[in-house]
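Colleague: I have a model open and I'd like to learn how to read it. Could you walk me through it, feature by feature?

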Amino acid sequence: QAKRTKMAKGIHDHCDKCYSVSCQAPVNLSISCVVIKCHKNCGATFHMCKQEEHQLLCPNETVPCFNVDFGCPFRMPRHKSAKHLEVCPASVVCCSQEWNRWPVPETDMTFYRNVSESLQPNPEANLDVALALRDQALLFQSIKMKSIFPEMMQEEPASPNISNGVSNSVEDTSCSSDCGEFTENHRAEMEGKELSQEETDVLAKNGSVASTQNYNTWEKIFKKDEEGCNQAVKCLNNGVKEEEKEGQKSLNCEVEKVGNRNSHQAEVNESRNMNGATGLAPWQDGVLERLGKEVNIAEYNMYLVHNGAMLINFGQLAACTPREKDFVYGNLEPIEVQTVRSFNVPASYRAKRSHLKDPSHKAKTAHQSVDTLDLDVSVENLPMSEEVSATLLCSLEKELKGHLISESVATDGLYVDIGTQTYNFSSAPFRPDATLADVIAERPRGLFVDVETEPVTRRHNKISSSFSYTCGHSFRRDEFQSHFRNAHCDIQASLSGWFQQRCPLAYLGCTFSQIRFHPSGQEATIKYRQDVSALVLQPHFPSSFTDAEKSLSPPGSAGQDFNGLSSLPLEILQHIAGYLDSFTLSQLSQVSRLMREVCATLLQDRGMVSLEWKKKTYSHGGSSWKSRKKIWRFSSLFSPVDRWSFSNAPSMSEHLRSCSFYQREERREPAALACLQEVREKHQRLKHKR
C-alpha cells in the first residue's frame with residue numbers, strides 16, 4: 001500500500017529515502033532523479049520528484065491568507081502569514097467587556113429628576129448620563145411585559161378554525177389508544193377518505209389555514225400514526241391466526257398433560273418446600289419478601305429488572321397492578337388544575353400529623369375578602385402606578401431574590417401561602433409582545449438607571465442577568481488594544497469623580513459636571529454618540545477656521561451645497577483620508593459618492609470584512625445557514641490616545657460660588673468646641689495637685 005502511494009505521488013523509491021544534498025546516485029527514471037534547488041530561493045535542495053511536496057512547505061511560496069474563507073483577499077509568502085494576521089481585515093475581535101448598572105435608588109430621586117428635565121434640550125451633554133441612557137435603552141428593550149405582568153396582557157385572538165377537509169382528515173387519521181380495535185375494513189375507509197393532491201392544493205390556498213407548513217407537519221405526524229396502527233392491526237391478525245393453529249395442536253395433547261399434571265405439581269411443591277426457605281431463585285416462594293429484608297433498595301430494583309419476566313411466569317409478581325393498589329391515595333378524584341388557587345384537596349387526602357391540631361383549642365375564624373374597596377376610595381380615584389418604576393422593581397426582585405414579588409409558596413397540598421400585588425397602569429392592557437420600551441415610547445425621555453456602573457458583582461448570576469451590559473463592538477485585531485485601553489480603562493473605569501467631575505452637591509439635585517482631561521497635544525473632547533452607540537473624539541475648531549470657511553464661500557451661495565474638498569484631486573483626497581481614524585472614515589464615506597469612493601480605497605488597509613449569513617429553507621422542511629455576501633466597513637475606533645492632560649476647566653470652587661444648591665450658613669456667635677470642657681477639667685485637676 002505504501003509503495004502504491006509513492007508511485008501515485010510520482011516519488012521514486014531512492015528519492016523517498018534520500019536526504020543528501022550531494023547525492024551521486026545514477027539518474028534512472030524508474031529509481032531516482034536529479035537533485036535541484038528551490039525555484040523560490042528558499043535554500044532547500046531536493047530531488048526533482050519532490051517539488052510538489054516541497055511547495056506545501058516552502059516559506060517563499062505564495063499562499064492565500066488563513067482567513068480566506070472569512071473574506072480576506074490577500075495573498076502573500078507563507079513566512080509572512082503569521083505577521084499578516086495582526087492586520088488581517090478578516091481577523092475581527094468582538095469586545096466582551098461587561099459591567100452592571102442598577103435602577104435609580106430612591107435616595108437620589110431629586111438628582112435624577114433634575115437630570116431627566118435637562119435631557120430635553122441636549123441629551124449628550126454629560127458623558128455619564130449619555131452612557132446610562134444607552135444601557136437604559138437596552139434594558140427596556142429586553143424586559144418583556146408579559147413575563148412581569150401576565151395578568152395585564154391583551155387577550156390573544158383565537159386562531160382561525162381549519163376547514164372541514166382538515167378536520168375530517170384529522171378525525172379519520174387519528175387512532176385510539178388501543179390499536180387492536182382497528183380492522184381491515186376500517187383501514188380501507190381511512191384510506192378512501194384521504195385527501196388528494198388537488199384537495200391539498202385547494203386547502204393550501206384557503207385563507208382560513210394559517211400556515212401550509214404547519215398543516216404539512218401535522219399531516220406527516222398523522223400518517224406516521226396511521227402506519228403504526230396499520231402495522232399493529234396486521235400483527236394482531238397474524239397473532240390470532242397463529243393462536244388458532246396452536247390451539248388445535250394443544251387440544252390433542254391436553255388429554256396427555258392432564259394425566260401427568262398431578263404428579264408434576266407434587267414434585268414442584270416438594271422442591272419449593274425443600275429450598276424455598278432460604279433460596280433467592282425466581283421460582284421459589286417468598287423470594288421478594290426475603291429480598292426486601294436482606295438487600296438494599298438498589299439491589300432489589302436491579303433484581304426485578306433482570307428477573308421480572310421469570311417472576312411473572314412463576315406467579316411471584318403480578319403482571320398488572322390491581323386497581324385497588326394502583327395509587328397511594330386509594331381512589332383519586334379527577335381534578336382539573338389550572339392554577340394553585342383552583343386546586344381542590346382530594347377527599348381521600350390525609351393531612352400530615354404536624355398540621356393536625358386539637359379542634360377544641362382552635363380559634364374562631366371567618367373568611368373575609370379584603371381589597372381596595374375597604375379604603376373608602378372609588379376605583380377611578382385610585383392613584384395610577386408608574387410603569388417604569390414598578391417594572392424595574394419587579395425585575396430587580398426577581399434578579400436579586402430569585403422570585404417575583406408576592407409569589408405564592410406551597411408548603412403542602414393543603415396549605416398554600418398566597419400573596420397578591422396589584423398595580424393600576426394607565427397604559428394597560430399591554431400587547432402580548434410589548435416591551436417596556438414600547439410602553440414609554442411616546443413619553444418624554446427620562447433617566448431611570450444609575451449613572452455609576454459596577455464592574456464586578458456577586459449579587460446575581462451574570463449569565464441570566466438583565467442588568468448586565470456588554471460592549472459588543474467589533475474591531476480589527478490591531479485596533480482592539482487601543483479601544484480597550486482608551487474606552488474602558490481610561491474613560492469608563494474612571495469616569496465617576498476622576499475623568500468627569502460633578503458638583504459635590506449633586507445629592508441635593510445639582511447637575512453641573514465638567515470633563516477634567518483631554519488628549520495630550522490636541523484640544524478635543526470625548527463625546528458619546530447615541531446614533532452610533534460609541535465614544536468619539538470631537539476636536540475643538542478655532543473661530544478663525546470657521547471664519548475662513550465662510551470667506552471661501554462665493555457670494556450668493558447661501559442655501560447651496562458647497563464643499564471645497566470635492567474640488568481637490570483624487571490623489572490628494574486619498575492622502576488626506578489616510579490620516580483619519582476609523583470612525584471619521586466611516587462618517588466621511590456617508591457624505592457623498594466621491595468621498596465614499598475615496599474611503600473605499602482604504603478598506604483593505606484600514607477596514608474590516610465580515611460575512612452576512614442568511615437562513616435558507618429547503619422544500620423538504622430542513623434549513624441551513626448560507627454565507628450571502630461579504631460586508632466591508634470601518635470600526636468605531638477614534639484616534640488612539642497615549643497620554644491624557646488636564647484640561648483648562650476652572651476649579652469646582654468657582655462653580656460653588658454660583659451654585660444655587662450651595663447655601664452657606666454664617667454663625668458669628670462663639671461656640672464651644674466638643675473637647676473644650678474636658679481640657680478645662682484637666683487643667684483644674686493639675687492645679688489642685690500642685
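Modeller: Ground rules before we start. This is a predicted model, where local features need pLDDT of at least 70, side-chain atom pairs count only at pLDDT 80 or more, and totals for chains, interfaces and linings use all residues. Residues are numbered from 1 along each chain as its sequence is written, and side-chain values use heavy atoms, with hydrogens and water left out.

Colleague: How many helices and strands does the chain have?

Modeller: Helices (H or I, at least four residues) and strands (E, at least two) are DSSP runs, numbered from the N terminus. Here the chain has 23 helices and 18 strands.

Colleague: And what share of the residues is buried?

Modeller: Buried means under 20% relative accessible area, exposed over 50%, and partly exposed in between (1.4 Å probe, protein chains only). Of the 690 residues in this chain, 27% are buried. As for contacts (heavy atoms within 4.5 Å), take those between residues at least 6 apart in sequence: 62% of them join residues at least 24 apart.

Colleague: Cysteines next. How many disulfides does the structure hold?

Modeller: A disulfide is a pair of cysteine sulfur atoms within 2.5 Å. By that cut-off, the structure holds zero.

Colleague: Now salt bridges. What's the idea?

Modeller: Side chains of opposite charge can pair when their charged atoms come close. The cut-off is a side-chain nitrogen of Lys or Arg within 4 Å of a carboxyl oxygen of Asp or Glu. This structure holds 15 of them.

Colleague: Which residue does arginine 101 pair with?

Modeller: Aspartate 135, with the closest N and O atoms 2.7 Å apart. Arginine 101 lies in the loop between strand E6 (98-100) and helix H5 (109-118) and aspartate 135 in helix H6 (residues 127-142), so the pair ties together parts that are 34 residues apart in sequence. Arginine 101 is buried, at 2% relative accessibility, and aspartate 135 is buried too, at 0%.

Colleague: What about strands? How do E16 and E17 run?

Modeller: Two strands pair if DSSP finds at least two bridges between them. Strand E16 (residues 608-617) and strand E17 (residues 623-633) run antiparallel, joined by 10 bridges. Five residues sit between the strands of this hairpin, where glycine 621 takes a positive phi near 100°.

Colleague: Which residue in E17 is the bridge partner of glutamate 612?

Modeller: Lysine 629. Those two also form a salt bridge, the closest N and O atoms being 3.8 Å apart. Lysine 629 is partly exposed at 44%, and glutamate 612 counts as partly exposed at 24%.

Colleague: Last one: which residues make the nonpolar surface patch?

Modeller: Patches are made of residues with over 30% relative accessible area and no salt bridge; like charges are joined within 9 Å, nonpolar side chains (Val, Leu, Ile, Met, Phe, Trp, Tyr) within 5 Å. Here Leu565, Leu568, Ile572 and Ile576 make one of about 300 Å². Leucine 565 is in the loop between helix H17 (543-552) and helix H18 (570-577), and counts as partly exposed at 40% relative accessibility.

Conventions. Areas by Shrake-Rupley, 256 points an atom, 1.4 Å probe, with all protein chains shown as cover.
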